[in-house]
Amino acid sequence: MIRLSKRQSARIEGIGEDLPSGETVLWQGRPTFGSVFRDVFHWRWVAAWFVVLFAWRVVEALSAGAAAGPAIAGTLSLAPIALVGMALLALVAWLTCRTTIYAITSRRVILRIGIALELTVNIPLKRIQAAAVRTHADGGGDITLDLGGQAHLAYLHLWPHAQPMQWRNPRPMLRALENVNAASTILADALRADAALNGETTGAASVNATAHADQGSMQPATAAL
């Protein structure tokens with residue numbers, strides 16, 4: 001998580017403009033590499049696929065009459081391919097974390113995302129109908145924002161910062177946060193404060209928590225919901 005100071009309270013890291021007068025940054029952070037590599041890019045499944053492929057090649061060689069030693073040695077030619085594939089996957093996961101900034105302000109939730117094409121998504125607090133918190137055993141987790149079908153971005157524009165498989169009604173996600181409980185508490189307080197500021201005594205968005213045991217240059221674009 002990015003720690004805030006008084007000098008940073010009016011500006012979000014990576015966004016070169018101060019916030020409008022009266023709006024302050026309550027929290028900002030970025031995804032953690034380990035969680036993104038595990039939960040978004042599923043490195044364990046990719047590694048398991050390579051293991052199965054190696055085993056299949058060994059069995060195939062043995063079935064063809066090869067001795068065990070040569071059969072195993074023959075599969076080692078696949079090792080560089082596996083290593084390069086895993087390294088590329090790790091690089092994309094690292095770039096995803098490096099180029100992502102999430103922020104909660106007194107008026108909105110902001111997602112600055114994108115590796116090749118930078119996109120800034122502004123979500124006014126009043127548009128958030130509910131937020132679901134998924135907590136992992138290590139204290140990290142995700143926050144999913146339910147906009148009630150009001151999102152005007154395609155799923156592929158948001159990915160991987162979107163709830164999986166929600167193609168028709170994309171739900172933005174703050175993914176792989178290091179301390180999801182701290183962020184969700186700040187979000188809940190911000191939603192209540194925004195509802196009170198707008199004279200809404202009922203109907204404020206709810207924040208629900210669920211525990212989950214682990215397992216070329218382009219110009220920035222801005223999207224307002």
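This report walks through a predicted model of one chain, from its overall make-up to a few local features.

## Ground rules

Residues are numbered from 1 along each chain as its sequence is written, and side-chain values use heavy atoms, with hydrogens and water left out. Since we're looking at a prediction, local features need pLDDT of at least 70 and side-chain atom pairs count only at pLDDT 80 or more, while totals for chains, interfaces and linings use all residues.

## The whole chain

The chain has six helices and nine strands. Both are DSSP runs numbered from the N terminus: helices are H or I with at least four residues, strands are E with at least two.

Of the 225 residues, 38% count as buried. Here buried means under 20% relative accessible area, exposed means over 50%, and partly exposed is anything in between (1.4 Å probe, protein chains only).

Helix H1 spans residues 33-40, and six of its eight residues are buried, so it's largely enclosed by the rest of the structure. The buried ones are Ser-35, Val-36, Phe-37, Arg-38, Asp-39 and Val-40. They pack against helix H2 (43-63), helix H4 (79-98) and strand E7 (173-177), where contact means heavy atoms within 4.5 Å.

Then there's His-42, in the loop between H1 and H2. Its phi is positive, about 50°, although it is not a glycine. His-42 is partly exposed, with a relative accessible area of 38%.

Strand E6 (residues 141-146) pairs with E7 in the antiparallel sense over three bridges; for two strands to pair, DSSP has to find at least two bridges between them. In this pairing, Thr-144 stands opposite Met-173 of E7.

E7 also holds Ala-176, another non-glycine with a positive phi, this time about 55°. At a relative accessible area of 5%, Ala-176 is buried. In the loop between helix H5 (155-158) and E7 you'll find Pro-160, which is joined to Trp-159 by a cis peptide bond with omega of about 5°.

## Helix H4: a greasy face

Phe-33, Val-84, Leu-88, Leu-91 and Trp-94 make a nonpolar surface patch of about 480 Å². H4 gives the most to it, with four residues. Patches are made of residues with over 30% relative accessible area and no salt bridge; like charges are joined within 9 Å, and nonpolar side chains (Val, Leu, Ile, Met, Phe, Trp, Tyr) within 5 Å. A salt bridge is a side-chain nitrogen of Lys or Arg within 4 Å of a carboxyl oxygen of Asp or Glu. Leu-91, in H4, counts as partly exposed at 43% relative accessibility.

Thr-99 is in the loop between H4 and strand E2 (101-105), and at 18% relative accessibility it counts as buried. A polar atom of the Thr-99 side chain lies 2.7 Å from the backbone oxygen of Leu-95. Leaving out residues up to four places away in sequence, Thr-99 touches Arg-112, Ile-113, Gly-114 and Ile-115.

Conventions. A polar contact is a pair of N or O atoms within 3.5 Å; within protein, one must be able to donate a hydrogen and the other to accept it, and residues adjacent in sequence count only if both atoms are side-chain atoms. Accessible areas come from the Shrake-Rupley method with a 1.4 Å probe; for residues, only the protein chains shown count as cover.
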